Each structure stands twice: as C-alpha cells, then as structure tokens.
Amino acid sequence: MYTPPAFREDDLAKLHELMRSNSFAILVTHEDGAPLATHLPFLLDAERGPYGTLLGHMSRANSQWHAFLSGQQALAIFQGPHAYISPSWYKPEAGNVPTWNYAAVHAYGVPKIIEDETRLAALLHASVGTFEAGFEHPWTLDMPNDLFHSKVKGIVAFEMEITRLEGKLKMSQNRPEADQENVARILSQSEDATTASVGALMQQVQQTSKA
C-alpha cells in the first residue's frame with residue numbers, strides 16, 4: 001500500500017481497533033494468474049502471532065478456498081471511514097486541489113483451512129456471539145447436531161496468521177494545523193455518519209500529534 005510517512009500508522013493497538021471496527025473486509029488471492037476477491041467478516045485474535053491472527057469462513061461453493069491449499073500469500077483489506085475533502089475548506093492559496101481522507105489496514109498472511117470440527121464450531125459460535133452482541137435479543141447458534149453438521153458441510157473455515165501489517169491514516173496531516181482543524185470541524189458536523197466519523201478520527205489524530 002502506498003503510504004507517505006505522514007500517513008503511516010504503526011501502532012498495533014490502533015490498527016487492531018480499526019480492524020475490529022471495520023471487520024467486513026476483502027480477502028484477495030490469485031486464481032489462474034488473476035486476482036480473486038471475496039468480501040467476508042473476520043474475527044481477530046490479537047494474542048496469536050506478532051500481529052494477530054484472522055479467522056473467517058466462506059461458502060464451500062466459492063473456489064477461492066482452493067488457493068489456501070497451495071500455501072500462497074493472501075491479503076485482507078480493511079477499509080475504515082472515508083470522506084471527500086474540498087479545497088474550499090483550506091486557507092485560500094494557489095494550487096489547492098480536492099482529495100480524500102481515509103483509514104485502511106492491509107493484513108498479509110497464508111490462510112490455512114481449519115479441519116478440526118471442535119475448532120470450527122468454536123469459530124462459528126464466536127462469530128455469532130461477536131456480531132449479535134449489540135442486539136437486544138441476540139440470536140444464538142443453538143440447533144440440533146444433525147442440522148448444525150449439515151450447515152457446516154457448506155462452508156470452509158480458515159485462519160490466517162498475520163505476517164505483515166500496513167496501516168494508513170490519511171487525515172490531512174500534510175496540511176497546516178489550521179486547515180486540519182477546519183476540515184475536522186466541517187466533517188464532524190456532517191449528518192452523514194461515515195463522514196462525521198472521519199472528522200472525529202481527524203481530531204483524535206490531531207490530539208495525539210500534540211501530546
């Protein structure tokens with residue numbers, strides 16, 4: 001990922017938080033010499049490996065899992081909040097142009113299929129528990145064993161220890177402080193939740209840089 005020094009983020013805790021907050025990511029591999037991508041929800045086990053381990057599952061009908069058998073490297077792309085930035089929000093000067101602020105994390109590793117049924121079941125229960133947690137009446141995966149096993153036959157579960165992690169927070173750090181503050185203020189006042197979240201993230205970055 002192209003990342004100028006001003007936008008590079010190496011803080012592991014921050015990267016993990018961004019991944020958890022934006023856990024529906026894109027898994028990229030290669031098939032017959034061409035890139036292949038699948039949109040998937042991921043769980044992150046931050047304690048396994050130097051950068052953590054990703055866990056997920058996909059439909060068995062999806063041919064992408066065959067790439068896991070070859071031991072090839074894969075890339076999981078986590079896209080955080082993003083927003084268009086108008087040059088009209090900067091202090092007037094010649095040469096200002098539009099841009100886009102965004103947060104992204106790229107996680108690299110070699111996916112491995114989870115064959116053990118006990119581990120596979122634990123992964124599915126953990127996934128449901130994680131994504132149902134915010135509901136007033138969370139759904140659970142409790143069902144008869146025969147029905148559960150019939151459902152499991154239709155998926156492939158996998159884990160991917162992260163061997164390389166790249167983080168990018170492009171939050172106008174290359175602009176004068178006054179411009180950064182004005183952009184963050186405007187974005188924070190937006191009625192669009194994603195745009196407003198970029199403003200909030202910009203303010204966090206600015207506070208950290210001043211600490």
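**Strand β8**

I began with strand β8 (residues 155–170): 13 of its 16 residues are buried, so the strand is largely enclosed by the rest of the structure. I took buried as under 20% relative accessible area, with a 1.4 Å probe and protein chains only. Strands here are DSSP runs of E with at least two residues, and helices are runs of H or I with at least four, numbered from the N terminus.

The model is predicted, so I noted the limits: local features need pLDDT of at least 70, side-chain atom pairs count only at pLDDT 80 or more, and totals for chains, interfaces and linings use all residues. Residues are numbered from 1 along each chain as its sequence is written, and side-chain values use heavy atoms, with hydrogens and water left out.

**Partners of β8**

I looked up the strands that pair with β8, where pairing requires at least two DSSP bridges. Strand β4 (residues 53–59) runs antiparallel to β8 and is joined to it by seven bridges; Met58 stands opposite Val156. Strand β6 (residues 99–109) is also antiparallel to β8, with eight bridges, and there Tyr108 faces Arg164. Strand β7 (residues 112–113) has two bridges to β8, again antiparallel, with Ile113 opposite Phe158.

**Cores**

Next I checked the nonpolar cores, meaning sets of buried Ala, Val, Leu, Ile, Met, Phe, Trp, Tyr and Cys residues joined through side-chain atoms within 4.5 Å. The largest has 36 residues, and Met19, Leu27, Leu54 and Phe78 touch the most other members. Elements that each supply at least two residues include α1 (12–21), β1 (24–31), β5 (74–85), α4 (177–188) and α5 (193–210). β8 gives the most, with six residues.

I then listed the contacts of Leu54, counting heavy atoms within 4.5 Å. Leaving aside residues up to four places away in sequence, Leu54 touches Met19, Phe42, Leu43, Leu44, Ala76, Phe78, Ala107, Phe158, Glu159, Met160 and Ile162. A second, separate core has 13 residues, among them Leu43, Ile114, Val128 and Val152.

**Helices α2 and α3**

Last, I looked at helix α2 (residues 117–132) against helix α3 (residues 145–152): they pack at about 90 degrees, with axes 12 Å apart. The axes are lines fitted to C-alpha atoms over the stretch in contact, and angles run from 0 to 180 degrees between N-to-C directions. The two helices are therefore roughly perpendicular, a label for angles of 65 to 115 degrees. Glu117, Leu120, Ala121 and Leu124 in α2 meet Phe148, His149 and Val152 in α3. By class, I recorded five nonpolar, one polar and one charged residues in this contact.

How values were computed. Buried < 20%, exposed > 50% of the residue type's maximum accessible area, 1.4 Å probe, protein only. Parallel < 35°, antiparallel > 145°, perpendicular 65-115°, else oblique. Nonpolar A, V, L, I, M, F, W, Y, C, P; charged D, E, K, R; others polar.
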